[in-house]
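Here is a short briefing to read alongside the coordinates. Please keep the viewer open as you go through the points.

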Amino acid sequence: MRLPDELHWLFWDLDAEQLDSERHADTVLARVLEHGRMAEVRWLLGAYGIGRIHRFFREVGHPDVSRRTTQFWRVVLDAKEESWASPPAWRQSNSAPWID
């Protein structure tokens, strides 16, 4: 399924026209959860459901999702004690000041 045009701004470095919301779900979830506004997150919830978002955090450990975003969703999903996937080590050791 093609992404709505309203989400294309989130994929500035990719060809959003070529993204498929099912085939590229991890990329879509990561970008919207990390950079999306409330409208985009609402779309994400409608398109994927809360269960799919929860599974994303448990299984994927996407490098584009910050620790801050992950902690927010742990609270939202009441999953403080769950084991979630971690991003690759290179992402965790990034010293860029805008990445927490």
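A contact here means heavy atoms within 4.5 Å. By that criterion, residues 24 or more positions apart account for 52% of the contacts in the chain with a separation of 6 or more. This is a predicted model, in which local features need pLDDT of at least 70 and side-chain atom pairs count only at pLDDT 80 or more, while totals for chains, interfaces and linings use all residues. Residues are numbered from 1 along each chain as its sequence is written, and side-chain values use heavy atoms, with hydrogens and water left out.

**Overall fold**
- The chain holds four helices and zero strands, where helices (H or I, at least four residues) and strands (E, at least two) are DSSP runs numbered from the N terminus.
- Along the sequence, the pattern reads α-α-α-α.
- Of the 100 residues in the chain, 41% are buried, meaning under 20% relative accessible area with a 1.4 Å probe and protein chains only.
- The accessible surface (Shrake-Rupley method, 1.4 Å probe) comes to about 6,200 Å², and carbon and sulfur atoms hold 51% of that area.

**The kinked helix α2**
- Helix α2 covers residues 38-59 and spans only 24 Å between its end C-alpha atoms, whereas a straight helix of 22 residues would span 32 Å at 1.5 Å a residue; the expected span is 1.5 Å times one less than the number of residues.
- A kink of about 90° is centred on Gly49 in α2, the bend being the angle between axes fitted to the seven residues ending there and the seven starting there.
- Gly49 is also among the buried residues of α2, a list that includes Glu40, Arg52 and His54 as well as Leu44 and Phe57.
- Cover for the buried residues of α2 includes α1 (25-35) and α3 (67-76).
- Just after α2, Gly61 has a positive phi of about 65°.

- In soluble globular proteins, nonpolar side chains tend to be buried together.
- Beyond its neighbours within four places in sequence, Trp73 touches Leu33, Val41, Ile50, Ile53, Phe57 and Trp84.

**A buried serine**
- Ser21 lies in the segment before α1.
- Ser21 counts as buried because its relative accessible area is 2%.
- Neighbours within four places in sequence aside, Ser21 is in contact with Met1, Leu3, Val28, Trp43 and Tyr48.

Terms used:
Buried < 20%, exposed > 50% of the residue type's maximum accessible area, 1.4 Å probe, protein only.
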